[in-house]
Amino acid sequence: MVRTLTGNAPSYATVKRWVNEYHRSRESVEDDPRPGRPPTATTEDNIDLALGMILQDHRISCRQIAERLGVSNERADNIVEKELGFSKVSAMWVPRPLTPEQKRTRCTLSTRTLELFEADEENFLACFITMDES
């Protein structure tokens, strides 16, 4: 199997477990369904609620978020860090740093805006500020 599948071959322990299961009259290598409820904590509603909590109070802890959402601390941590992209800095939730592509985009837009300003300083704000006619 190793010669044929190279790095994708299952480990010896896995094959040994499959053989033992086969001897016990099992025909499938798929996992059996496990008891308990399926994971449902990372939902769009919980993500939105967690974001609202963080925006209201940047110093809120994952434990407090977990308690308010009624989920485990691990799920709350996953929602805040992986789904929302926040990280804790000096006891405050802050967005993760910009990616190189985001930095490049901001730099390009800032350079263009500066060129517009230098070209026509007096009418520059009129290009950006719009007002309602009332």
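Glu 21 has a relative accessibility of 25% and therefore counts as partly exposed. This residue belongs to a predicted model, and its place is in helix α2, which covers residues 12–23. Asn 8 stands 13 residues from Glu 21 along the chain, and the C-alpha atoms of the two are separated by 21 Å.

**The chain as a whole**

The protein chain has seven helices and two strands. Read along the sequence, these elements follow the pattern α-α-α-α-α-β-β-α-α. Along the principal axes, the C-alpha atoms fill a box of roughly 85 × 45 × 35 Å. The radius of gyration of the protein chain is 27 Å, whereas a compact globule of 134 residues would have a value near 14 Å. Of the 134 residues, 16% are buried.

**Salt bridges**

Side chains of opposite charge can pair when their charged atoms come close. The structure holds three salt bridges, listed here with the distance between nitrogen and oxygen.

| Salt bridge | N to O distance |
|---|---|
| Arg 24 and Glu 21 | 2.8 Å |
| Arg 63 and Glu 67 | 3.2 Å |
| Arg 104 and Glu 101 | 3.0 Å |

Arg 24 counts as exposed because its relative accessibility is 57%.

How many residues apart are Arg 63 and Glu 67 in helix α4? They are four residues apart in this helix, which spans residues 62–69, so about one helical turn separates them. Arg 63 has a relative accessible area of 46% and is therefore partly exposed. Glu 67, at 56% relative accessibility, counts as exposed, since the cut-off for that class is over 50%.

Arg 104 and Glu 101 are placed in helix α6. Because they are three residues apart there, the separation is about one helical turn. Arg 104 is partly exposed, with a relative accessible area of 49%. Glu 101 also counts as partly exposed, at 46% relative accessibility.

**A negative patch**

Which residues form the negative surface patch? They are Glu 115, Glu 118, Asp 120, Glu 121 and Glu 122. One of them, Glu 122, lies in the loop between α6 (100–119) and α7 (124–128). With a relative accessibility of 77%, Glu 122 counts as exposed.

Notes. Residues are numbered from 1 along each chain as its sequence is written. This is a predicted model: local features need pLDDT of at least 70, side-chain atom pairs count only at pLDDT 80 or more; totals for chains, interfaces and linings use all residues. Side-chain values use heavy atoms; hydrogens and water are left out. Patches are made of residues with over 30% relative accessible area and no salt bridge: like charges are joined within 9 Å, nonpolar side chains (Val, Leu, Ile, Met, Phe, Trp, Tyr) within 5 Å. Accessible areas come from the Shrake-Rupley method with a 1.4 Å probe; for residues, only the protein chains shown count as cover. A salt bridge is a side-chain nitrogen of Lys or Arg within 4 Å of a carboxyl oxygen of Asp or Glu. Lys and Arg count as positive and Asp and Glu as negative; His and the chain ends are not counted. The place of a charge is taken as NZ of Lys, CZ of Arg, CG of Asp or CD of Glu. Buried means under 20% relative accessible area, exposed over 50%, partly exposed in between (1.4 Å probe, protein chains only). The radius of gyration is taken over C-alpha atoms; the globule rule is 2.2 Å times the number of residues to the power 0.38.
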